Amino acid sequence: KKREKEGRREKGRERGGEMERRAPSSCDTFVVVKDGEVVFAKNSDRPSDEVQNTIYYGSSDSPASIAATYIEVPGGVKRKAIMLSQPAWMFGGEMGANDAGVCIGNEAVWTTEPEDASTDVLLGMDLVRIGLERA
């Protein structure tokens, strides 16, 4: 399990994941709501050669714990059906929507706080998927 986690971490570095320091670029997300119709759109600052799959996950009961990209999180909840734009190497997604009409897009936050590389955490894209499954 530890070797698998290290493999994902290394893959993230190779593909420009959150672990790698890069010059700030930008993601843009917008939504338009008119006459009961919704348009949700987002661009991505992910590397152009990174594979992003568009994947549908049906609603289901989750196991007691869920293996996110680097850590496990409590499960045991009913998950909503979601459509996710997902980098091939991680659990989470860049953007998505669920069967309750919730849309979420990941946005970079450029902070000056030092990174603690010794601590595994949830990634922003993990939070997108978990939010969509549970919203």
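Me: Buried means under 20% relative accessible area, exposed over 50%, and partly exposed in between (1.4 Å probe, protein chains only). Is Lys42 buried or exposed?

Reply: This is a predicted model, in which local features need pLDDT of at least 70, side-chain atom pairs count only at pLDDT 80 or more, and totals for chains, interfaces and linings use all residues. Residues are numbered from 1 along each chain as its sequence is written, and side-chain values use heavy atoms, with hydrogens and water left out. Lys42 has a relative accessibility of 13%, so it counts as buried.

Me: What is the mean pLDDT of the protein chain?

Reply: pLDDT is the predictor's confidence in each residue, from 0 to 100. In the protein chain, 81% of the residues reach 70 or more. The mean over the chain is 84.

Me: Which element has the highest mean pLDDT?

Reply: Elements here are DSSP runs numbered from the N terminus: helices (H or I, at least four residues) and strands (E, at least two). The chain has 2 helices and 10 strands, in the order α-β-β-β-β-β-β-β-β-β-β-α. Helix H1 (residues 2-14) has the lowest mean pLDDT, at 56. The highest, 96, belongs to S9.

Me: What percentage of the contacts between residues at least 6 apart in sequence join residues at least 24 apart?

Reply: A contact means heavy atoms within 4.5 Å. The chain has 135 residues, of which 31% are buried. Among the contacts between residues at least 6 apart in sequence, the share joining residues at least 24 apart is 58%.

Me: Which residue forms a salt bridge with Lys42?

Reply: A salt bridge is a side-chain nitrogen of Lys or Arg within 4 Å of a carboxyl oxygen of Asp or Glu. The structure holds 3 of them. In the one with Lys42, the closest N and O atoms are 2.5 Å apart, and the partner is Glu94.

Me: How many residues apart are Glu94 and Lys42?

Reply: Glu94 is in the loop between S8 and S9, while Lys42 is in strand S2 (residues 37-42). Glu94 counts as buried because its relative accessibility is 1%. The pair links distant parts of the chain, and the separation is 52 residues.

Me: What is the N to O distance in the salt bridge between Glu50 and Arg46?

Reply: Glu50 is buried because its relative accessibility is 8%. Arg46 is buried too, because its relative accessible area is 11%. Their side chains meet with an N to O distance of 2.8 Å.

Me: Which side chain of opposite charge is nearest to Arg79?

Reply: Lys and Arg count as positive and Asp and Glu as negative, while His and the chain ends are not counted. Arg79, in strand S7, is buried yet has no salt bridge. Its contacts beyond four places in sequence include Ser59, Pro63 and Ile66. The nearest opposite charge is 4.2 Å away and belongs to Glu133.

Me: Is Lys78 buried or exposed?

Reply: Lys78 also lies in strand S7. Not counting residues up to four places away, Lys78 touches Ser59, Ser60, Asp61 and Glu133. The C-alpha atoms of Lys78 and Ser62, 16 residues apart along the chain, are separated by 6.2 Å. At 55% relative accessibility, Lys78 counts as exposed.

Me: What is the area of the nonpolar surface patch that contains Val32?

Reply: Val32 lies in strand S1 (residues 29-34), and its relative accessibility is 41%, so it counts as partly exposed. Patches are made of residues with over 30% relative accessible area and no salt bridge, with like charges joined within 9 Å and nonpolar side chains (Val, Leu, Ile, Met, Phe, Trp, Tyr) within 5 Å. Accessible areas come from the Shrake-Rupley method with a 1.4 Å probe, and for residues only the protein chains shown count as cover. Phe30, Val32 and Val39 make a patch of about 260 Å².
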